[in-house]
Amino acid sequence: MPQTILTVSTRGQGLYEFTREAEAFVRKAAQEEGLLTVFVRHTSCSLLIQENADPDVRRDLDTFFRRLVPPADDPSMAWIVHTLEGPDDMPAHIKAALTQVSIGIPVMGGRLALGTWQGLYLFEHRDRPHRREIVLHLGP
């Protein structure tokens, strides 16, 4: 069963699309039907399938999560105990817990069965740049 690891370099919080890379992996595997499992190997970022046509959607999602879970140094987050890795770390873990670290996408006719405006995104929850590893596994 084909599998690979994609590395996505982030510049801080936000959504980073990797649909093209996943599509290229599926094309290269030349498998007509199956299930692509996408898994991110980190606890402070997550995965999303989201609209990829209007960048305002990504901006609004990022803003919503920043408002929902502010940094640990915000007075409303004074209850946080885990602060050793900076004020963005525990909020990043909370955001990852609210979203997902694994996604399954059907492969039909040798292509991802995504909708017209859907794309695959790494959702970075930390402030500083990171190199994130995403495992792609194509099963029967």
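The model is a predicted one, in which local features need pLDDT of at least 70 and side-chain atom pairs count only at pLDDT 80 or more, while totals for chains, interfaces and linings use all residues. Residues are numbered from 1 along each chain as its sequence is written, and side-chain values use heavy atoms, with hydrogens and water left out.

**View 1. Overview of the chain.** The secondary structure comes to three helices and eight strands, where helices (H or I, at least four residues) and strands (E, at least two) are DSSP runs numbered from the N terminus. Starting at the N terminus, the elements follow one another as β-β-α-β-β-α-α-β-β-β-β. The C-alpha trace spans about 50 × 30 × 20 Å along its principal axes.

View 2. Strands in the order β2-β7-β4 form an open sheet with antiparallel pairing, two strands being paired if DSSP finds at least two bridges between them. The edge strands, each pairing on one side only, are β2 (14-17) and β4 (45-51), and the twist averages 35 degrees from one strand to the next. Four bridges join β2 to strand β7 (residues 118-124) in the antiparallel sense. Helix α2 (residues 55-68) lies across β2, β4 and β7 and runs at about 140 degrees to β4; axes are lines fitted to C-alpha atoms, for helices over the stretch in contact (heavy atoms within 4.5 Å), and angles run from 0 to 180 degrees between N-to-C directions.

**View 3. The sheet of five strands and helix α1.** This open sheet has the order β1-β8-β3-β5-β6, and its pairing is antiparallel. Its edge strands are β1 (3-9) and β6 (111-112), each of which pairs on one side only. Helix α1 (residues 19-29) packs on the sheet, touching β1, β3, β5 (102-108), β6 and β8, and its direction makes about 35 degrees with that of β8. Within the sheet, strand β3 (residues 34-40) and strand β8 (residues 131-139) pair over six bridges, and L35 has G139 in β8 as its bridge partner.

**View 4. A salt bridge between E133 and R41.** The side chains of these two residues meet at 3.2 Å, N to O, in a salt bridge (a side-chain nitrogen of Lys or Arg within 4 Å of a carboxyl oxygen of Asp or Glu). The pair links distant parts of the chain, with E133 in strand β8 and R41 in the loop between β3 and β4, 92 residues apart. A search of the whole structure finds six salt bridges.

**View 5. The lining of the largest pocket.** Residues that line the largest pocket include T19, E23, V26, R27, N52 and R111. Helix α1 gives the most to this lining, with four residues, and the lining residues divide into three nonpolar, five polar and three charged. In this classification Ala, Val, Leu, Ile, Met, Phe, Trp, Tyr, Cys and Pro count as nonpolar, Asp, Glu, Lys and Arg as charged, and the others, Gly among them, as polar. A pocket is defined on a 1 Å grid over the protein atoms alone, as an open set of points where a 1.4 Å probe fits, with protein on both sides within 12 Å along at least five of seven lines, and lining residues have an atom within 4 Å of a point.
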